[in-house]
Amino acid sequence: MPDAPTNHPRRGRFHWPHRGGRSDQDSGSRSPEPTGATEAGAAASRAAREPLKVPTGLGASLATSGGLLLAMVEDVRMRGATEPEDLRPLADTFARHNAAKEATVRKALTRHGAPEKLVGRDRHEGELIQDILDRAIVGGHPEETRVLTIDGALAQAYQYLFHERRDLVTAIERLVPADESESLAAAFTTIANP
């Protein structure tokens, strides 16, 4: 099949400039290519080329539990559920997840030299979210702000779980020896999923 002529009326319409080549219709319309990259851009580019590291041991247990909890948070948010019977399963699962983290993840990270700020911030944020959920179940929030308070706690839980994956799982993979990580994974799962 012969190539389409360069003056074909539809040639420029479906042309992808980033794939190379240029049609007559887009000549001169592209901005000049940047001559240098910022340090952050270069780091992001290197990170994109590196293979994705799948967590193992304790990191995998934490990531799996956090992923299941994240799905629960999304479900409650999407349904707009704010009644105690809707929030109880989430609050109970969140409490078990944090109890498992306290008994395994936080202790291991502290023992292996993780910054106290990282561990302390995670503990503080988890306790804050748990308190809001528990108070919502027993009717501890004023009625006029109850729905907004619960929605705010769910949004905060969503961010908390993403930060957990980004910060704690990465720290576990970097600091905790593989054999210890494997044994702690079983303990984490036993506490989080009785």
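Author: A helix axis here is a line fitted to C-alpha atoms over the stretch in contact, and angles run from 0 to 180 degrees between N-to-C directions. The model is predicted.

Reader: OK. At what angle do helix 4 and helix 5 pack, and how far apart are their axes?

Author: Helix 4, residues 116-137, packs on helix 5, residues 146-175, at about 155°, with the axes 10 Å apart. Angles over 145 degrees count as roughly antiparallel, so helix 4 is roughly antiparallel to helix 5.

Reader: Left-handed or right-handed crossing?

Author: Left-handed.

Reader: Which residues of helix 4 and helix 5 meet?

Author: On helix 4 they include L118, L128, I129, I132 and L133. Their counterparts on helix 5 include I150, A153, L154, A157 and Y160. By class, the residues of this contact are 13 nonpolar, three polar and five charged.

Reader: And helix 3 against helix 5, what angle?

Author: About 25°, with the axes 12 Å apart; helix 3 covers residues 84-111. Helix 3 is therefore roughly parallel to helix 5. The crossing of these two is left-handed.

Reader: Which residues make the contact of helix 3 with helix 5?

Author: Among them are L87, L90, F94 and V105 of helix 3, and I150, L154, L161 and L168 of helix 5. The class counts are 14 nonpolar, two polar and four charged.

Reader: Switching topic. How much space is in the largest pocket?

Author: About 250 Å³.

Reader: What lines the largest pocket?

Author: Ten residues, with K53, P55, V169, T170 and E173 nearest its centre. The lining has four nonpolar, one polar and five charged residues.

Technical notes: Residues numbered from 1 in each chain as written. Predicted model: local features only at pLDDT ≥ 70, side-chain atom pairs only at ≥ 80, totals over all residues. Heavy atoms only, no water. 1 Å grid on protein atoms, 1.4 Å probe; cavity = no way out; pocket = protein on both sides within 12 Å on 5 of 7 lines; lining within 4 Å. Points joined across faces, edges and corners; volume = space filled by probe spheres on them. Nonpolar A, V, L, I, M, F, W, Y, C, P; charged D, E, K, R; others polar. Helix = DSSP H or I, 4+ residues; strand = E, 2+ residues; numbered from the N terminus. Parallel < 35°, antiparallel > 145°, perpendicular 65-115°, else oblique. Left-handed = near helix turned anticlockwise from the far one by under 90°. Contact = heavy atoms within 4.5 Å.
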